[in-house]
Amino acid sequence: MAGMDRPTPLTIIGGFLGAGKTTLLRRILAEPEGRRLGVAINDFGALNIDELLVAGRSGPVVSLANGCVCCQIGDSLIDALFAMRNAAQPPDGIVVEASGVADPGKIAQLGRIGRFFRLNSIAVVVDADNVLSQAADPLLSDTMLRQLRAADLLLLNKIDLVDDNALRAIERWLAAIVPDHRAIKCVNAAVPVRLVLDDQSPSLDGGVAGLAAHDHADSHEHARHQHHGDVFWSWSYQSTRSFGRSALLAVVAALPSQIIRGKGILICSDQPARQTVLHLVGRRVELSAGEPWHEAPSSRLVLIGVGQDIDGAALTQAFNSALR
Amino acid sequence: MTETTVFTAAKIHTLDPARPGAAAVAVQDGLIVGVGAVDDLTSGGSTRIDDRFAGKIILPGFVEGHAHVTTGGNWQHVYVGYHDRLAPDGTVRKGARTLGEVIDRLRDAERSMPDDGRPLLAWAFDPIFFEGGRMTVADLDAVSRSRPIVINHQSAHALNVNSVVLERAGLGPSTEVDGIVVDDGGKATGELREAVVMHIAFHAVGADFQKDASSEIGIWNFGRLANLTGVTTITDLYLAQSTETAERYRRITADPQFPARVVAAIRGPRPAGPDLARMAEMLAYSHDKLRMGSIKLSVDGEIPTYTARLKQPHHDGTPNGVWTTHPEEARRQIRMYHKAGYQLHIHAVGDEASGLVLEFIAEALAAAPRPDHRHTIQHCPLMDEAQFRSARDLGVCVNLLSNHVHFYGDIHVERTLGPARAARMNALATAKRVGVNFAIHSDSPVTPLGPMLSIWSAVNRRTAKGRLLGPEERLSVADAVHAMTLGSAYTLKLDHEIGSIVPGKRADFAVLDQDPFAVDPIDLKDIAVHATVLGGRCFEARTRP
């Protein structure tokens, strides 16, 4: 349970009407993994509230009754988030399904302040079948570009509806707009929930590491995900030596774009007594101070990637180079 | 038969071209029964002459076609506006003309508050008038270092706060969010500009300017302010679809002491609109002094915050604004509510937005023709001649915020629109020439409630800094008065009941100390309201200095 003093993790789902935001939300609510999740829904007209109420019975579901006239953020969204946070039983995290025309980056600013809410990730769902025509609509193209640029992680959804050539064209187009984007290709928004949601566990066990069937140090594993979306692989790393913070950040910043999720509990030389927690969702990277070390300090890191295979030895070498 | 009261005045402007001026008006059972010379009106049966308005000027009661009940609620907090402003109790609160005066006023208010740590809230701060000096966090810390202080700007799009608020909200110069203003030394000045940081600040200290806007006191204040400014019909154009609020409105407005009629447009959840099945429930609360039943929609933001959907880029290069409702969703809603027979009031500020709304209404009309729908585009400051023509041809009305030229004209010239476009905004003379049904409004509390101010703005087009902005778009006094009475009444589908002084209409009057048609137009806003008459009942406008 998130205490009053701990910021509530906030996950923002953005994307156009019909892209698959609600499908992703349903998946998250179906696999809450022990979390009590609060949900704030904006496009209330587009979905069946009762169904969500049943699915999300572990936590509160708030439909945003109205917004401020002058902006899309709306006091109602912020009021709803605070109401959930201040409730007798606050949720462990809140998922906001943004309106189809909203800029999820604006909503995410609530989490960037860090006092009451902490940004976990901005996931933007893209309808592969319609994205290029939507982007060509002069009334909507800027709205779409704002959403794409705000995303930490893109879910390129409905890829079963387009052929390979079309898919490559979309990927080229995305790369031109957001050169450092991180995308997962999927069908029916079927991605492991843990790729999008924060894992609350202070350890790696059952968290991101659980995504791969086997987790060997300095190894990588393949796990073809259901349907025919992206193939996921994981790579893990361990060391008892400490990292230099800026060298570590430089290595993380230079990671190949196939890497879409990561979690690390690390020793940093400038803060050796406490764990340093690395949180990576798409292109969002955050290093924060964790618990004091209880056992012998040991850095452990798991990265999840999609698609094209990766050179594990090169990754190991890169992280080794950031050790002090 | 009930007695007929004959009110006499120095002059009655009826706005009835068949009898534009008169010396007396006869009232029976709340309705106008005659207009003309005193002798003509007293020749019949039981009549009584009421000369309490002798020497005064009578106009039709003003119709404020776009306001919000929140305009009454702010008065619970400290007023720190630059201009003198009329409060609901009839006193004129002095403007604070220097930053020092603002601080003094806050310090006085702070001293009078119990030592309970509750936030000190103030409103209507307008730093644009204080050249060479912004308020700083140090200024406010000098007022209190223990009590949170939150000052809302007149624009309602920025705040100034003290360090107590910054600390509790977790806002500092290194916080990675938009809207935290920092000084040259990289220190937060306490000015907060974006919705997110503003609302975080509100929540962090329990400051709530919106709270209880439609409470008992809020609604009463709303009525009192209407009376004091000559308004006999006022609108709450963003009412929640709530039977609880509707019942409160019904009860308060039905009180014979409540001095105004209220027309409410119902908003639903955004981006979805009101629930059609429940609209009938809302209609049931209507009575003589309360009209429910129209629907409010919104498609974009507004120009000062760069959120309006413009056809051409902003003057200073800021990207285009935002859709508050997805265009496809707006199309669906317009079609649905139109088909169901409701009148729509649609907020559309940018010209891209107003153009799209016209397109959607044209489609809805083609699918379901309906004469006299009177859907009204609200604000629409950038509509041009072609859009006005299209509105006219579709039977669409437009309602423009004439005060915008005064209060925001300088910002539009310098930042948002540039001089050329700013000069064409709120093109009221063009609307008149084209022949579209138009009205003017205040959008209070966005600009102060006051029909004489709205008329003055439409006639003079003077910005706060004194620019004459687009002189070709100035309205004549007669056209501006019409827009503020019959023009507004038409947009509310009430022109058969109110808006002019004609036998058979309701006896709703604005009684003024001076004749708007006789004064120098630059003095129009200074004409004092002496009283209003609502359904024949007199409500003195008890203002005192």
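**Exercise 1. How many salt bridges does the rule find across the interface of domain 1 of chain B and domain 2 of chain B?**

*Solution.* Keep in mind that you're working with a predicted model.

Step 1: Look for a side-chain nitrogen of Lys or Arg within 4 Å of a carboxyl oxygen of Asp or Glu. Across this interface, the rule turns up 0 salt bridges.

Step 2: Sort the residues by class. The side of domain 1 of chain B that touches domain 2 of chain B has 5 nonpolar, 4 polar and 2 charged residues.

**Exercise 2. Which residues make up the two domains of chain B, and what area do they bury between them?**

*Solution.* Step 1: Grab the bounds. The domain assignment puts domain 1 at 78-205 and domain 2 at 216-534.

Step 1: Check the spacing. Their C-alpha centres are 30 Å apart.

Step 2: Count who touches whom, with heavy atoms within 4.5 Å. You'll find 11 residues of domain 1 of chain B in contact with 15 residues of domain 2 of chain B.

Step 3: Get the area. The two domains of chain B bury about 1,000 Å² between them, and 67% of that is on carbon and sulfur atoms.

**Exercise 3. Are the planes of Tyr237(A) and Phe319(A) stacked, edge-to-face or tilted, and why does the pair tie together parts that are apart in sequence?**

*Solution.* Step 1: Over all chains, the count is 13 aromatic pairs.

Step 1: In the pair of Tyr237(A) and Phe319(A), the centres are 5.7 Å apart and the planes make an angle of 40°, which is tilted.

Step 2: Tyr237(A) sits in strand β9 (residues 231-239) of chain A and Phe319(A) in helix α10 (residues 312-321) of chain A, so the pair links parts 82 residues apart in sequence.

Terms used: Residues numbered from 1 in each chain as written. Chains lettered and ligands numbered in written order. Predicted model: local features only at pLDDT ≥ 70, side-chain atom pairs only at ≥ 80, totals over all residues. Heavy atoms only, no water. Domains from an automatic or database assignment. Buried area = accessible area lost by both parts, 1.4 Å probe. Nonpolar A, V, L, I, M, F, W, Y, C, P; charged D, E, K, R; others polar. Phe/Tyr/Trp six-rings, centres within 6.5 Å; stacked < 30°, edge-to-face > 60°. Helix = DSSP H or I, 4+ residues; strand = E, 2+ residues; numbered from the N terminus.
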